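Please look through this model with me.

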Amino acid sequence: MLGGAGWFSPSWRPAPGLVRSLYEACRDGDYAAALPLQRRASSLGQLVNDRSPAASLKAALELMGRPVGGVRLPLPSLDEHDKEALQAGLEDLGILSGEPHGW
């Protein structure tokens, strides 16, 4: 809507369906449909980036059935409390129920 031709955000990797729907809505000029999708995508990005971004992204992908391994030192992995908060956030955004699991 603001004139961008594309984007790349690793934070959105757990939600390929959301990203595709957002892209298609913008491509088609359907900004009424794009706005709530953009808000969900932005919330996902914030959720992943609130903690250690690399660790959160890897944990989110693991929750989606796409294990990519742990973070390398010196980065810390998420503790159980942060993993539970991440899972709850993904559930609230409809990512766990609405996106494909596995590879």
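1. The crossing of H3 and H4 is right-handed. A crossing is right-handed if the near helix is turned clockwise from the far one by less than a right angle, and left-handed if anticlockwise. Helices are DSSP runs (H or I, at least four residues), numbered from the N terminus. Contact between H3 and H4 comes from Ser56, Ala59, Ala60 and Leu63 of H3 and from Leu86, Gln87 and Leu90 of H4. Contact means heavy atoms within 4.5 Å. Five of these contact residues are nonpolar, two are polar and none is charged. Here Ala, Val, Leu, Ile, Met, Phe, Trp, Tyr, Cys and Pro count as nonpolar, Asp, Glu, Lys and Arg as charged, and the others, Gly among them, as polar.

2. This is a predicted model: local features need pLDDT of at least 70, side-chain atom pairs count only at pLDDT 80 or more, and totals for chains, interfaces and linings use all residues. Residues are numbered from 1 along each chain as its sequence is written, and side-chain values use heavy atoms, leaving out hydrogens and water.

3. H3 and H4 pack at an angle of about 60°, with their axes 10 Å apart. H3 is therefore oblique to H4. Axes are lines fitted to C-alpha atoms, for helices over the stretch in contact, and angles run from 0 to 180 degrees between N-to-C directions. Angles under 35 degrees count as roughly parallel, over 145 as roughly antiparallel, 65 to 115 as roughly perpendicular and the rest as oblique.

4. Now the other pair. Helix H1 (residues 16–27) packs against helix H2 (residues 31–49) at about 150°, with axes 8 Å apart. The two are therefore roughly antiparallel. Their crossing is left-handed. Leu18, Ser21, Leu22, Ala25 and Cys26 in H1 meet H2 residues including Tyr31, Leu37 and Arg40. The contact of H1 with H2 has nine nonpolar residues, two polar and one charged.

5. Which bond joins Leu73 and Pro74? A cis peptide bond does, with omega about 15°. Pro74 sits in the loop between H3 and H4.
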